[in-house]
Amino acid sequence: MTFPVHRPRRLRRTEALRGFVRETRLTTGGLVYPMFACPGTNVRIEVSSMPGVYQQSVDQIVEECREVADLGIPGVILFGLPAHKDETGSEASAADGAVQRSVEAIKKAKLNLLVITDVCLCEYTSHGHCGVTNDGEVLNDPSVERLAEAALSHGRAGADIVAPSDMMDGRVAAIRRKLDEHKFHDVAILSYAAKYCSGFYGPFREAAQSAPQFGDRRSYQMDPANAREALREVALDIEEGADMIMIKPALPYLDIIQRVRERFDVPVGAYNVSGEFAMVKAAALKGWIDEKRVVLEILTGIQRAGADIILTYHAKDVARWLKAC
Ligand SMILES: [Zn+2]
């Protein structure tokens, strides 16, 4: 017996019914807002390909964090721009770097915010690669040592969570060891476990001024064609001590989010990256799509695929829209 006994449309008849049987309920509770910290004071420069996103000095970062916290968004992730870059990305681990000072300032302001720091070298190296290089090659083990130093400096500044995004082998274990050696047992690690070599990072590279000066990142970031390899990367990071893992980008990798969610029992995050954001913004500016509707649909899709945590530049807008509902 099917039709007319079974009529799925019965439960779609009114908003009350639709809301009652809704399987995925998007809330601000899992959102993380990415921010870019730069040197100076009173600096606020909009990233041209990311409307509403700024490179900001510490004082401005704290002001925007106040707004983020007031909107009920639980966390921010900080990326840093150094005063100058060098071969080994020394400023990545500098106690007075823009990220480290931002963390201290946010904590001092006693905002109700989790402070996550991105741990990588690409914003800090003169060549723009995520690790230390020699003869055009990105070296794994010396890079891991530098990354652990950077993570330690974030822990010292007061970060709640460090998020290594470099894709070097063994970096989660090295960071855990380094943090523990210095008694930062409570600093959690959210690893970018499956980070793909993606064309969707374009606008971010403008925001973080981190485009590689030679070659590309294919020797460390993952091949977009691989899914089983992502499961292996996630397994290794969890074994090494990652408390949470992330898939990046989100939209072209919803299948990866779903497979990781089904296989592993740690919190799963997804990064709705700059290119995904810029496409929506550009189309919305042209009047080609309904921005609010499309953004809510995208984030619902990412959550439905299995992400508990979503890092997104839309976070503030979404929090406002959900508040108004
Ligand atoms: Zn990087």
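Helices (H or I, at least four residues) and strands (E, at least two) are taken as DSSP runs and numbered from the N terminus. The structure is a predicted model, for which local features need pLDDT of at least 70 and side-chain atom pairs count only at pLDDT 80 or more, whereas totals for chains, interfaces and linings use all residues. Residues are numbered from 1 along each chain as its sequence is written, and side-chain values use heavy atoms, with hydrogens and water left out.

The zinc ion is coordinated by the SG atoms of Cys120, Cys122 and Cys130, at 2.2 to 2.4 Å. Donors are N, O and S atoms within 2.8 Å of the metal (3.2 Å for Na, K and Ca); water is not among the atoms, so sites may look incomplete. Along the chain, the donors of the zinc ion follow the spacing C-x1-C-x7-C. Burial was assigned from relative accessible area (buried, under 20%; exposed, over 50%; partly exposed, in between; 1.4 Å probe, protein chains only). Cys122 counts as buried because its relative accessibility is 5%, and Cys130 is likewise buried, at 0%.

Grid points are joined across faces, edges and corners, and a volume is the space filled by probe spheres set on the points. Two cavities of 30 Å³ or more are found in the whole structure. The largest cavity holds about 110 Å³ of space. Its lining comprises 15 residues, of which Cys122, Lys195, Phe204, Arg217 and Lys248 lie nearest the centre. Strand β9 (188-195) and helix α6 (202-208) are the elements that give two or more residues to this lining. For the classification of linings, Ala, Val, Leu, Ile, Met, Phe, Trp, Tyr, Cys and Pro count as nonpolar, Asp, Glu, Lys and Arg as charged, and the others, Gly among them, as polar. On this basis the lining of the largest cavity divides into seven nonpolar, two polar and six charged residues.

The second largest cavity contains about 30 Å³ of space. The zinc ligand Cys120 is one of its lining residues, together with Gly80, Ala92, Asp118, Val119, Glu123, Tyr124 and His154. Four of the lining residues of the second largest cavity are nonpolar, two polar and two charged.

The largest pocket has a volume of about 460 Å³. Of the 15 residues that line the largest pocket, Arg22, Thr24, Leu26, Leu296 and Thr300 lie nearest its centre. Helices α1 (15-20) and α10 (291-305) each supply at least two residues of the lining, and α10 gives the most, with six. The lining of the largest pocket consists of four nonpolar, four polar and seven charged residues.

Helix α4 (residues 140-157) has 18 residues and should span 26 Å at 1.5 Å a residue, in agreement with the 26 Å between its end C-alpha atoms. The expected span is 1.5 Å times one less than the number of residues. The buried residues of α4 include Val144, Leu147, Leu152 and His154; His154 also lines the second largest cavity. Among the elements that cover the buried residues of α4 are α3 (98-108), β5 (114-119), β8 (161-164) and α5 (171-181). Gly158, which follows α4, has a positive phi near 115°. In helix α11 (residues 315-324), Ala315, Lys316, Val318, Ala319 and Trp321 are buried, and their cover includes β1 (31-37), α2 (58-70), α10 and β12 (309-312).

Several backbone features were also identified. A cis peptide bond with omega of about 5° joins Phe3 and Pro4, and Pro4 is placed in the segment before α1. The peptide bond from Lys248 to Pro249 is also cis, with omega near -5°; Pro249 is found in the loop between β10 (244-248) and α8 (254-263). Lys110, in the loop between α3 and β5, is not a glycine but has a positive phi of about 55°. Its relative accessible area of 73% makes Lys110 exposed. Asp135 lies in the loop between β6 and β7 and, although not a glycine, has a positive phi of about 55°. Asp135 counts as exposed, at 80% relative accessibility.

Key:
Contact means heavy atoms within 4.5 Å. On a 1 Å grid over the protein atoms alone, a cavity is a set of points where a 1.4 Å probe fits but cannot get out, and a pocket is an open set with protein on both sides within 12 Å along at least five of seven lines; lining residues have an atom within 4 Å of a point.
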